[in-house]
Structures are given as C-alpha cells and as structure tokens.
Amino acid sequence: SAQVKAMWEMLIKRGKDLELRFQNVKADEKTGSAEWIANYTFSQTGRKVENYIKANFEFENGKIVKHVDTFDFYKWSSQALVLTGKLLGWTSFLQIKVRQKAMKSLDDFMKAK
C-alpha cells in the first residue's frame with residue numbers, strides 16, 4: 001500500500017543512523033516469516049534503540065497481501081522513552097499514544113511529499 005511504502009521512505013530518510021539486519025527468513029508460496037533487528041536513534045529523545053521484530057507474511061500471486069510485525073513494546077519504550085517507557089511501557093495508554101503519534105508523523109510526511 002502507499003502507506004507502507006511511505007513509512008519505509010520516511011524511516012530511511014529520517015533515520016540517519018538506521019541499521020537493519022535480517023535473520024531466520026523462511027517462506028513458501030503462501031506464508032513467510034523473518035526476524036529483523038533495527039538499530040537507530042529515536043529522534044524524539046536522542047536515545048539509541050535496538051528493536052527485535054518478528055515479521056509474518058501472507059502471499060497471493062507472488063505478492064505480500066498481509067504483513068504483521070510484532071515486538072516487545074515495553075523493551076522498546078524503555079530504550080526510546082527511558083523513564084516514561086519504564087514506568088508506563090506496559091500500559092495500553094502509552095502504546096496507543098505512541099501509535100497515534102507515529103501515524104500522525106506518517107500522515108504529515110505523506111502530505112509533504
């Protein structure tokens with residue numbers, strides 16, 4: 001989708017020190033999975049983050065039709081948001097706020113293109 005493409009473009013353009021590594025990549029004609037590790041500086045706090053993500057895919061006609069990433073939000077928020085993440089990273093409140101802020105950032109990025 002356009003949103004997924006814009007998200008990756010935004011991450012690459014804004015993530016000056018973004019490093020990605022992949023491992024355990026598996027796929028057949030219908031499904032796939034991979035683990036990827038993202039190292040970067042979280043721009044809002046200037047904190048270094050190492051995020052381990054598990055990706056699952058569904059394919060149709062050789063194209064990805066579903067892609068779901070999962071990661072330990074508490075571990076990420078503890079690195080990126082320091083004290084706030086350690087105190088509130090386990091709450092759905094913080095998860096929703098971070099998701100809303102990320103979506104607004106992506107929307108602003110797409111509008112500016």
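Residues are called buried at under 20% relative accessible area, exposed at over 50% and partly exposed in between, for a 1.4 Å probe with protein chains only. The structure is a predicted model, in which local features require pLDDT of at least 70 and side-chain atom pairs count only at pLDDT 80 or more, while totals for chains, interfaces and linings use all residues. Numbering runs from 1 along each chain as its sequence is written, and side-chain values use heavy atoms, with hydrogens and water left out.

The chain contains four helices and four strands, where helices (H or I, at least four residues) and strands (E, at least two) are DSSP runs numbered from the N terminus. Along the sequence these elements follow the pattern α-β-β-β-β-α-α-α. Of the 113 residues in the chain, 26% are buried. Contact denotes heavy atoms within 4.5 Å. Among contacts between residues at least 6 apart in sequence, 34% join residues at least 24 apart.

The strands were examined for pairing, which requires that DSSP finds at least two bridges between two strands. S1 (residues 19–27) runs antiparallel to S2 and is joined to S2 by seven bridges, with Glu19 opposite Asn39 in S2. Three residues lie between S1 and S2 in their hairpin. S1 is hardly covered, the count of buried residues among its nine residues being zero. S2 (residues 31–42) and S3 (residues 47–60) are paired in the antiparallel sense over 12 bridges, and Phe42 stands opposite Arg47 in S3. The hairpin of S2 and S3 has four residues between the strands, and Gly46 takes a positive phi near 75° there. S3 also pairs with S4 (residues 63–70) in the antiparallel sense, over seven bridges; Lys54 has Thr70 in S4 as its bridge partner. In the hairpin of S3 and S4, two residues separate the strands, and Asn61 in the turn has a positive phi of about 55°.

A nonpolar core is defined as a set of buried Ala, Val, Leu, Ile, Met, Phe, Trp, Tyr and Cys residues joined through side-chain atoms within 4.5 Å. The largest such core has 13 residues, and Tyr40, Phe42, Val49, Trp76 and Ala80 have the most contacts inside it. S2, S3 and helix H2 (73–80) are the elements that give two or more residues to this core, and S2 gives the most, with five residues. In soluble globular proteins, nonpolar side chains tend to be buried together. With residues up to four places away in sequence not counted, Trp76 touches Tyr40, Phe42, Val49, Asn51, Phe71, Leu81 and Val98. Asn51 is located in strand S3 and counts as buried because its relative accessible area is 8%. Leaving aside neighbours within four places in sequence, the contacts of Asn51 are Trp36, Ile37, Ala38, Phe71 and Trp76.

Five salt bridges are present in the structure, each being a side-chain nitrogen of Lys or Arg within 4 Å of a carboxyl oxygen of Asp or Glu. In one of them, Glu9 is joined to Lys13, with the closest N and O atoms 2.8 Å apart. Both residues lie in helix H1, four residues apart, about one turn of the helix. Glu9 is partly exposed because its relative accessibility is 24%, and Lys13 is partly exposed at 46%. The side chains of Asp17 and Lys48 also meet in a salt bridge (2.7 Å, N to O). This pair links distant parts of the chain, with Asp17 in the loop between H1 and S1 and Lys48 in strand S3, 31 residues apart. Asp17 counts as partly exposed at 28% relative accessibility, whereas Lys48 counts as exposed at 58%. Asp107 and Lys111 form a further salt bridge, with the closest N and O atoms 3.1 Å apart; both lie in helix H4, four residues apart.

The C-alpha atoms of Lys113 and Ala6 are separated by 9.3 Å, although the two residues are 107 residues apart along the chain.
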